[in-house]
Amino acid sequence: MTGRIWTGDELTEDSTLTCDVCVVGSGAGGGVLGLELARRGLDVVMLEEGGYHTRRDFDLKEAKAYATFYQEGGNRATDDLSIGIYQGRTVGGGTAVNWCACFRTPPEILEHWRDAHGVKGLDSATLAPHWDWLEERLNIRDWPIEQANRNNRILWDGLGALGYGRGTVKRNVRACASLGACGLGCPTDAKQSTLVTLIPEAVERGMRLYANVSARRLETKGGRVTAVHGDILDPRTNRPTGKKLTVKAKVTAVCGGALNSPGLLLRSGLTGRGRVGKRLFLHPVVVSNARFRERVEAYSGAPLTVYSRQFIDRGQGRMGWLLEVPPLLPLLSAVALNGFGAGHQDLMAGLPHANALISICLDGVQPGDEGGTVALRGAGEYSRFKVDYPLGELHWEAFREALKVAARIQFAAGAEVVLSPHSKPVVMRSEQDIPLLDDAPYAPLECSVLSAHQMGGCAMGGNPETSVVDSTLRYWDSDNLFVVDGSVFPSALGVNPMESILGVAHWGSQHVAAAVSGSG
Ligand SMILES: Cc1cc2nc3c(=O)[nH]c(=O)nc-3n(C[C@H](O)[C@H](O)[C@H](O)COP(=O)(O)OP(=O)(O)OC[C@H]3O[C@@H](n4cnc5c(N)ncnc54)[C@H](O)[C@@H]3O)c2cc1C
Ligand code: SF4
């Protein structure tokens, strides 16, 4: 078998392919699955609706990067626009544009999935050899504090001054030049994304990858997927060219990520007894912005290298959060730093002196926290999907308390001013001003909320009435359809999700492969 990567401009005619497995999506889940199936000698066709972009295209230009490598040109949001959603859309998916932080799944989350959702056979000991393999293959290594940029160092120092728990992050990089551009695609191939590691190996082993092909619908008959119908897109416009690619596979694996995977199932009439699109989790984030006298230059250096889980467990009924810093590239900052007019202009002018802390809230583990939903706006394979995520008292309480903690940390590290993410920011000039945060408005669109970690929508579980896939990642009502990506997580994680998705996909590949040999 000869592997190859095709792009939309080469696909000028309708065609139909046959193979063992059709993998839809080339991100964390799809990238691992494609390689693991190809290593087993299986004939794999991978479809990716994003373009095939490599380091030559990663030219450090934000305006181009979000528009080209992100879902909906970087403008994806919940239906009420209260949560901005950043998600990759390119060969390599989120792994090509993410910030390289790597964490194994916390054991207590896997235990929660077992106890609350009936997930079987997925514990830390089972996943450990899969993570060991991935950590070796993707060079996932500790990034020592001595190499931290000033932005991360502020978090480290502030946590230390207050006696809070802190740690350094592992990163999947090799010979990283600390350019700080991870979110724009790595121009040196230092980032060990699936784009530069697992996908090239899978192609060498025979996998056929079709970029600029959007799977619109799965055709089913008698509980089996018989074909994947894809639109070929023009790489320049992202619009359908009118040409179609159809894949007839023994087994289909949907790896489009949270939001897109449930969207594809729904467009195909697969509702999972009403569960597809439910339990969507976003790790909602609030940003605390600080100004320092010295230059921080939070746009350069490895972007995310320090974290704290000090506040992850706040007890029953209260949402916890993970603390990290984001890279403050100018365009991203224009969105993440709030305010309007002269105030915002002032913030942007002071960007070299800015530091930001993000509080990433752990959703989906508190009783009654069902997260959001993905649904279709209309019928048919061209209907767009609609994302709803109700923000309730559970979230607002956590955001308010998280902003207080973040301000305390920033002042402890020497901040001159701290600003909240409200449309009219709360301005704090010393610790004494932190109680002002209590009087700020906590409501959609008045307090900015963001997400870069989408999970759920095709939740895994032990009961077909309450979950979409079983504990082998198989869609309950089909014997040749699997979902292998972050959408299968029945809750969020409380750590950045990439390594969890990679690990679950590596483990789950055995079940997908077994379904090929079992299929008639
Ligand atoms: C800016 C940013 C920073 C991040 N930083 C980190 C970090 O530091 N550490 C970390 O652990 N995580 C990070 N993440 C999150 C992480 O990248 C994602 O959680 C992870 O990539 C999700 O994996 P996935 O397989 O579920 O989906 P994805 O990686 O999103 O892959 C899905 C792929 O499927 C394609 N697709 C979707 N629908 C279709 C269709 N119908 N037909 C064909 N193709 C389709 C998409 O275009 C996409 O390429 C970050 C994300 C972003 C956006
Ligand atoms: S910080 Fe390292 S991994 Fe990120 S873009 Fe720069 S060189 Fe690549």
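Helix α6 (residues 150-162) packs against helix α11 (residues 393-412) in this predicted model, with about 95° between them and their axes 7 Å apart. That angle makes α6 roughly perpendicular to α11. On the α6 side, the residues involved are L155, G158, L159, A161 and L162, and they meet R408, I409 and A412 of α11. Sorted by class, this contact has 6 nonpolar residues, 1 polar and 1 charged.

Now let's turn to ligand 1. There are 40 residues around ligand 1, and those that come nearest are G29, E48, G94, A101 and M498. Several elements each supply at least two residues of the shell: the helices α1 (28-39), α3 (94-97), α8 (260-267) and α12 (498-518), along with the strands β3 (44-48) and β10 (213-221). By class, the shell divides into 16 nonpolar, 19 polar and 5 charged residues.

| Residue | Protein atom | Ligand 1 atom | Distance |
|---|---|---|---|
| G29 | backbone N or O | oxygen | 2.8 Å |
| W99 | backbone N or O | nitrogen | 3.1 Å |
| A101 | polar backbone atom | nitrogen | 2.8 Å |

How much of the accessible area of ligand 1 does the protein cover? On its own, ligand 1 has 1000 Å² of accessible area, and the protein covers 97% of it.

Notes: Residues are numbered from 1 along each chain as its sequence is written. Chains are lettered from A and ligands numbered from 1 in the order in which they are written. This is a predicted model: local features need pLDDT of at least 70, side-chain atom pairs count only at pLDDT 80 or more; totals for chains, interfaces and linings use all residues. Side-chain values use heavy atoms; hydrogens and water are left out. Axes are lines fitted to C-alpha atoms, for helices over the stretch in contact, and angles run from 0 to 180 degrees between N-to-C directions. Helices (H or I, at least four residues) and strands (E, at least two) are DSSP runs, numbered from the N terminus. Angles under 35 degrees count as roughly parallel, over 145 as roughly antiparallel, 65 to 115 as roughly perpendicular and the rest as oblique. Contact means heavy atoms within 4.5 Å. Ala, Val, Leu, Ile, Met, Phe, Trp, Tyr, Cys and Pro count as nonpolar, Asp, Glu, Lys and Arg as charged, and the others, Gly among them, as polar. A residue is near a molecule or strand if one of its heavy atoms lies within 4 Å of it. A polar contact is a pair of N or O atoms within 3.5 Å; within protein, one must be able to donate a hydrogen and the other to accept it, and residues adjacent in sequence count only if both atoms are side-chain atoms. Accessible areas come from the Shrake-Rupley method with a 1.4 Å probe; for residues, only the protein chains shown count as cover.
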